[in-house]
Amino acid sequence: MSIIIESIIKVKDLRKIYRLGKEKVIALDNINIEIKTGEVCCIFGASGSGKSTLLNMLAGLEKPTKGDIIINKNRINKLSEKKLAVFRQKYIGFVFQSYNLISTLTAIENVALPLVFRRIWKRKRMKMAKDMLKLVGLGDRLKHKPTQMSGGQQQRVGIARAFVSKPAVVFADEPTGNLDSKTTVEVMRLMVKMAKDDNLTLVIVTHERDIAQYADRIIQLKDGSVTDDYIIERDKNNENTDKTEIKNIEDLGEIVV
Ligand SMILES: Nc1ncnc2c1ncn2[C@@H]1O[C@H](COP(=O)(O)OP(=O)(O)OP(=O)(O)O)[C@@H](O)[C@H]1O
Ligand SMILES: [Mg+2]
């Protein structure tokens, strides 16, 4: 018996053109992709290839010039700003390279914030945020403000905030771009575990080959076009171990910036 897994994200004939006076930049050129529910997908490519533009459009932060983006059956490029904001609160989590925590709020308050929009009452919000911070190993940093934490700790707060409401899709743009290599491994493992535990879809943008190895699938961009789309085959017996066998990953070497 074969199981058909629905695509949660569908991108059709997507184009994004930026115009600056007479200058025209084709940031995305006719992109067509589908991403399945529960897939950990990596958008990989050199600087300027269009990764952030694509992610911002998928997350409804920017409008396409042409084409459609359908998430969970919602054609998000057709939504009004107001409906889009509600859609994002309901379905989307975002992890930023520079963490983007609110500096005046403590760790627990930052993580509890998305739950305000879900109309969850305060005591429950704080309990959920606390549990989430414990899960990311920050049970002893609940009352710390962003400046009172290390970069890796701030990013773990950012991850807790993105996942706390169990959104259908979490987008991450260079989530480890400001972290050292040891912390990068911790942060990547944490994000993938959280996505897998709840069958959430995770889309990560990176230009680092080491990051791409955590994904189920790698979509490679070059000059605004998809130049490759790999499914990573893993040895099922060794899943979630360091012995994971990756096919084709070596081929990525030549396009790394
Ligand atoms: N607001 C904008 N106005 C004009 N051009 C833009 C704008 N944003 C991006 N671009 C251009 O679109 C192209 C794609 O940019 P994008 O930020 O998506 O690249 P990227 O793959 O995320 O790169 P990096 O790895 O450096 O973050 C680049 O040529 C960039 O100069
Ligand atoms: Mg970028």
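This is a predicted model: local features need pLDDT of at least 70, side-chain atom pairs count only at pLDDT 80 or more; totals for chains, interfaces and linings use all residues.
The protein chain has a mean pLDDT of 89. Of its residues, 89% reach 70 or more. One stretch stands apart: over residues 240-257, pLDDT stays under 50. For that stretch the model has 26 contacts beyond four places in sequence.

Seven helices and ten strands make up the secondary structure of the protein chain. Buried residues account for 39% of the 257 residues. Among contacts with a separation of 6 or more, 68% join residues 24 or more positions apart.

Four of the strands form an open sheet. Their order is E2-E1-E4-E5, and the pairing is antiparallel. Strand E2 (23-36) and strand E5 (74-75) stand at the edges. Each has a single partner strand, so one side of each is left without a neighbour in the sheet. Within the sheet, strand E1 (residues 7-20) pairs with strand E4 (residues 66-71) over five bridges. The sense of this pairing is antiparallel. Val-11 has Ile-69 of E4 as its bridge partner. Strands of a sheet pair through backbone hydrogen bonds, either parallel or antiparallel.

Both senses of pairing occur around E9. Strand E3 (residues 40-45) and strand E9 (residues 217-222) run parallel, with five bridges between them. Here Cys-41 has Arg-217 of E9 as its bridge partner. On the other hand, E9 pairs with strand E10 (residues 225-231) in the antiparallel sense, over six bridges. Ile-219 stands opposite Asp-229 in E10. E9 and E10 form a hairpin with two residues between the strands. In this hairpin, Asp-223 takes a positive phi near 45°.

Gly-50 and Asp-223 are 173 residues apart along the chain, yet their C-alpha atoms are separated by 6.7 Å. Gly-50 lies in the loop between E3 and H1. Is Gly-50 buried or exposed? Gly-50 has 24 C-beta neighbours inside 10 Å, and therefore counts as buried. Leaving out residues up to four places away in sequence, Gly-50 touches Ala-27, Leu-28, Leu-221 and Gly-224.

Helix H1 follows in the description. Six of its eight residues are buried, so H1 is mostly covered. The buried residues are Lys-51, Thr-53, Leu-54, Leu-55, Met-57 and Leu-58. Just after H1, Gly-60 takes a positive phi of about 75°.

H1 also takes part in the shell around ligand 1. This shell has 13 residues, of which Tyr-18, Ala-27, Ser-47, Ser-52 and Thr-53 come nearest. E1, E2 and helix H1 (51-58) each supply at least two residues of the shell. Which element gives the largest share of the shell? That element is H1, with three residues. By class, the shell has four nonpolar, eight polar and one charged residues.

The largest nonpolar core has 66 residues. Inside this core, the residues with the most contacts are Val-111, Val-170, Phe-171 and Val-203. Neighbours within four places in sequence aside, Phe-171 is in contact with Leu-55, Leu-58, Ala-59, Ile-92, Phe-94 and Val-203. In soluble globular proteins, nonpolar side chains tend to be buried together.

Two further loop residues deserve a look for their backbone angles. Most residues other than glycine have a negative phi, and most peptide bonds are trans. Lys-73 is not a glycine, but has a positive phi of about 70°. Lys-73 sits in the loop between E4 and E5. With 8 C-beta neighbours inside 10 Å, Lys-73 counts as exposed. Asn-100 is also a residue other than glycine with a positive phi, here near 55°. Asn-100 is placed in the loop between strand E6 (92-95) and helix H3 (107-116). How exposed is a residue at this place? Asn-100 has 13 C-beta neighbours inside 10 Å, so Asn-100 counts as partly exposed.

Terms used. Residues are numbered from 1 along each chain as its sequence is written. Chains are lettered from A and ligands numbered from 1 in the order in which they are written. pLDDT is the predictor's confidence in each residue, from 0 to 100. Two residues are in contact if their C-beta atoms, placed from the backbone, lie within 7 Å. Two strands pair if DSSP finds at least two bridges between them. A residue is buried if 20 or more other C-beta atoms lie within 10 Å of its own, exposed if 12 or fewer, and partly exposed in between; C-beta atoms are placed from the backbone. A nonpolar core is a set of buried Ala, Val, Leu, Ile, Met, Phe, Trp, Tyr and Cys residues joined through C-beta atoms within 7 Å. A residue is near a molecule or strand if its C-beta atom, placed from the backbone, lies within 6 Å of it. Ala, Val, Leu, Ile, Met, Phe, Trp, Tyr, Cys and Pro count as nonpolar, Asp, Glu, Lys and Arg as charged, and the others, Gly among them, as polar.
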